[in-house]
Amino acid sequence: MSPWLTVVGIGEDGFKGLGKNARRALLGASRIVGGQRQLDLLPVCIRGERQLWPSPFSLAPALEQRGEAVCVLASGDPMFYGVGASLARQVPSDEMLILPAPSSCSLAAARLSWPLQEVVTLSLVARPLAALNAQLFSGVRLLLLSNDGQSPAAVAQLLRERGFGSSRLSVLEHLGGDAERRIDSTANAWDDAPIADLNVIAIECQADSNAPRLSRLAGLPDSAFQHDGQLTKRDVRAITLARLAPTPGELLWDVGAGSGSIGIEWMRAHPSCRALAIEADEGRQQLIEHNRDALGVPGLHLIRGKAPQALAGLERPDAIFIGGGVTREGVFETCWEQLKPGGRLVANAVTLQSEVALMNWRERYGGELTRIHVAQAQPLGEFDTWRQALPITLLDLVKPLDA
């Protein structure tokens with residue numbers, strides 16, 4: 001089937017800025033679907049029926065016209081945080097033609113003379129601002145697609161709170177149009193001036209002297225998390241995550257999540273990593289919610305309940321960590337049954353009873369047992385001595401592909 005759907009990227013310069021193929025598609029379309037701002041950019045010579053996206057948003061106005069000559073209008077590049085990506089999940093590629101315009105990030109990088117391949121891009125459109133926390137490192141350049149005119153002030157406040165008030169901000173409005181404007185400042189000096197809703201925020205990150213140093217590698221300082229003592233400590237956490245081995249796109253179950261540290265560091269390993277934190281204690285649930293936002297992974301999904309009952313109906317995981325509930329009946333069996341073939345399961349034990357459970361599971365399912373001893377130097381009178389933390393027993397096993 002030849003393409004019946006054409007997705008046209010349009011910039012602030014409107015119809016005059018479109019290429020020949022995009023103009024021809026719009027002139028020949030029987031129906032044109034888009035937002036009010038995009039539709040208003042079309043001249044009267046475009047005769048096709050114009051239709052707004054519904055609220056709440058739905059792709060139905062385009063999909064229901066399959067077989068007609070339909071055009072969808074999108075801002076800039078439709079495949080860059082745009083409607084083209086949503087349509088591509090529903091429409092076969094041989095039925096759809098995508099004609100992009102320069103994205104707002106491409107235009108911003110051109111104005112700033114920033115090599116785009118060296119820039120981290122992030123969308124704040126209908127997304128939590130807390131995701132920015134995972135991107136804050138000195139020397140990093142960020143381009144943020146704003147949600148609205150309030151976004152720059154909110155970003156400046158977050159930078160100040162996170163110890164990045166020295167960072168330089170450039171806000172670029174109406175890129176590519178007659179009303180284009182650029183405002184430069186620092187987060188500390190941002191004065192909350194009125195900003196157009198259509199804007200991009202450029203940040204050159206600069207940490208203040210008191211900013212915490214938080215790596216992307218596993219093993220954040222324990223002080224990075226709020227906790228009530230139920231926390232997988234730094235060195236053990238680093239070893240545990242090395243055994244869980246997060247890779248892009250994978251899903252983790254963090255069973256008995258405590259303060260959420262394992263699931264949070266799993267998601268910080270790569271933007272596409274996902275995690276479900278299963279926790280029954282209400283106080284710890286609040287700690288998980290705080291920690292996930294503070295450390296930049298607001299997408300971590302909290303499951304409020306006790307395993308194994310709370311595991312029913314959840315998406316099957318690629319990896320599972322059992323940090324709490326090792327001795328609870330049915331927890332391991334349910335986790336093992338739901339784990340995908342080839343998936344990894346890691347369980348930690350600190351008590352004799354939970355250690356016995358790990359030994360029994362190893363005898364039945366195989367895997368590797370590791371004893372972790374961590375000692376820290378602490379004062380003893382005028383001298384120092386080693387203070388031994390409680391030893392941790394770790395079970396690491398992989399589910400056979402034919403299981």
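Trainee: Which residue stands opposite Glu49 in β3?

Mentor: Arg31 does. Strands here are DSSP runs (E, at least two residues), and helices are runs of H or I of at least four, numbered from the N terminus. This is a predicted model: local features need pLDDT of at least 70, side-chain atom pairs count only at pLDDT 80 or more, and totals for chains, interfaces and linings use all residues. Residues are numbered from 1 along each chain as its sequence is written, and side-chain values use heavy atoms, without hydrogens and water.

Trainee: How many bridges join β2 to β3?

Mentor: Two strands pair if DSSP finds at least two bridges between them. Strand β2 (residues 31-34) and β3 run parallel and are joined by four bridges.

Trainee: What is the strand order in the open sheet?

Mentor: Its five strands follow β3-β2-β4-β1-β5, with parallel pairing. The edges are β3 (49-52) and β5 (96-99), each pairing on one side only.

Trainee: Which residues have the most contacts inside the largest nonpolar core?

Mentor: Such a core is a set of buried Ala, Val, Leu, Ile, Met, Phe, Trp, Tyr and Cys residues joined through side-chain atoms within 4.5 Å. Buried means under 20% relative accessible area (1.4 Å probe, protein chains only). The largest core has 28 residues, and Phe225, Leu244, Leu252, Trp266, Leu295 and Leu300 have the most contacts inside it.

Trainee: Which element gives the largest share of this core?

Mentor: Helix α8 does, with four residues.

Trainee: What does Leu252 touch?

Mentor: Contact means heavy atoms within 4.5 Å. Not counting residues up to four places away in sequence, Leu252 touches residues including Leu244, Ile262, Trp266 and Phe321. A second, separate core of 26 residues includes Ile303, Leu314, Ile320 and Ala357.

Methods: Buried < 20%, exposed > 50% of the residue type's maximum accessible area, 1.4 Å probe, protein only.
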